[in-house]
Amino acid sequence: MPKFFLNKRLIILLVSIMVLIALIGFSLKERDELSWMEKFTKDTVVFMQSIVHKPAQFVAGFFENVNDLRYTYEENKRLKEHLEQYVLLESEVESLKKENERLRELLNKKESLRDFVAIQATVIGRNPDRWEETLIVNKGSQHGVKKDMAVITPQGLIGKVRSVSPFSATVQLLSAKDRQNRISAFIQGDENVFGLIEGYDEEREALLLKRIPYDAKIEKGQRVFTSGLGGIFPKGLFIGEVEEVVADEYGLTQIAYIKPAANFYDIDDVIIVKRKIEMSQEEERQ
Amino acid sequence: MSRLFLPFLVTVMFLLESIIVQLLSQPLFDVYLLVPRMLIVFITFITIFIGQTEGMTYGFVFGLLYDVVYTELLGAYAFAFSLIAYLIAKAMNVLHKNAWTASFFAIVAITCVEWYAYAIQLVIGGTTMSVRTFFQARFLPTLFIHTIVILIIAYPLKQMLLKWHEKRSESSPV
């Protein structure tokens, strides 16, 4: 009998497989918090990573800069055009904002679902395993980050906070496969249409907005925002644009394919969004 | 070379895997799902040129770090890395230690880790990727890139590890 199958080794192997299965089961469970050991390990690694990240980013940034220089002229021309429109838009927004404030005061309603506090964070790593698309950012519970907060870039929503340790947090991207990753959203139009974002189509690179009423009329190119009804996300975070609408398998509701506005690959800085109206406050009011 | 050189090198490699994916995700990783697997290459080389105990220790420690920090799926990589180190050590009992066998085993190890990770994701429902897509878009490109990288670094890496090992056993005879 070869050494390989000696009893003792076989037993060790079996025991470690059992431990492995138990550990995987444990980590798949919905956990509110990581254990202190995980938190400590994460923070230590994130600290080291932020040291290595700087020079690496410098090298990568150099090539990016060279690439950027090539398109500067065209971009400049385009931006100048935009700038003129921007001035007009800004004055309009300002007047609308003032009006909104005045009306709110009249109604005696100070806070809205739209209000949020932004926490700036830098992305210092990404899951190299790439089965689950997650980012590691350098802000944690010490900076006020909590589980399930929305994470955005200036282009739009990219995901939510999955786990937090004192000085770092893991962000789960919208493109990650997770059944529990549901976001209440609405399609902006003459009449807002509400639905739930559930899942991501990898081949089409589009988010799935499900449970849209069957009689809702939706057109391609309409914009989709978070509705703030889910409890944690604020209202009005831009998600993307409608690409196609199909009936679901039973024909009772419709499914819209949404092209995400944010780029899920090239992310350097993110904003973690904390809603001003807390869950508890809302419940009290009801 | 000091004692801490090898742990330091592997740690930097471990950190770089994540940073590379983050910084170069746009140009490199959009079309194919390339996955950096240099850690397991290092573990293979350490197992072959330094020893089974060292290989398994590095495999377990860095596998566990990988689980805790990156994937949040505890135990998966810690188990795979140390088991692969063990099997390679056993196989090396009957084979010659040289850069070619090490390269060969490193490629085999990457194959094992990739299919193992895919199997786990299928079982826990973390992916719905078909075997065909996995093979064409993820496995083959990853293996291809790593084969090139391994062939380039195999010889220098081997020399470096042997030198480090020699120096260390001189300074502290065990």
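Start by selecting Ala185(A): its bridge partner in β9(A) is Thr226(A). Before moving on, note that this is a predicted model, in which local features need pLDDT of at least 70 and side-chain atom pairs count only at pLDDT 80 or more, while totals for chains, interfaces and linings use all residues. Residues are numbered from 1 along each chain as its sequence is written, chains are lettered from A and ligands numbered from 1 in the order in which they are written, and side-chain values use heavy atoms, leaving out hydrogens and water.

Now widen the selection to the strands around that pair. Strand β6 (residues 182-187) of chain A runs antiparallel to strand β9 (residues 223-226) of chain A, with three bridges between them. (Strands are DSSP runs of E, at least two residues, and helices are runs of H or I, at least four, numbered from the N terminus; two strands pair if DSSP finds at least two bridges between them.) Next, colour strand β10 (residues 238-247) of chain A, which is also joined to β9(A) by three bridges in the antiparallel sense. Click on Arg223(A) and you will find Glu241(A) of β10(A) opposite.

On to the barrel. Six strands of chain A close up in the order β1-β2-β5-β4-β3-β12, with antiparallel pairing. From one strand to the next, the twist averages 45°. Along it, Thr122(A) has Asp269(A) in β12(A) as its bridge partner.

Then show helix α2 (residues 36-70) of chain A. This helix lies across β1, β2 (134-137), β4 (156-165) and β5 (168-173) of chain A, at about 75° to β1(A); axes are lines fitted to C-alpha atoms, for helices over the stretch in contact, and angles run from 0 to 180 degrees between N-to-C directions. Zoom in on Gln57(A), which sits in this helix. What does Gln57(A) touch, not counting residues up to four places away in sequence? Asp268(A) and Leu23(B), where contact means heavy atoms within 4.5 Å. Gln57(A) is partly exposed, at 30% relative accessible area (buried is under 20%, exposed over 50%, partly exposed in between, with a 1.4 Å probe and protein chains only).

Last stop: select Ile17(A) in helix α1 (residues 7-28) of chain A. Ile17(A) is partly exposed, with 31% relative accessibility.
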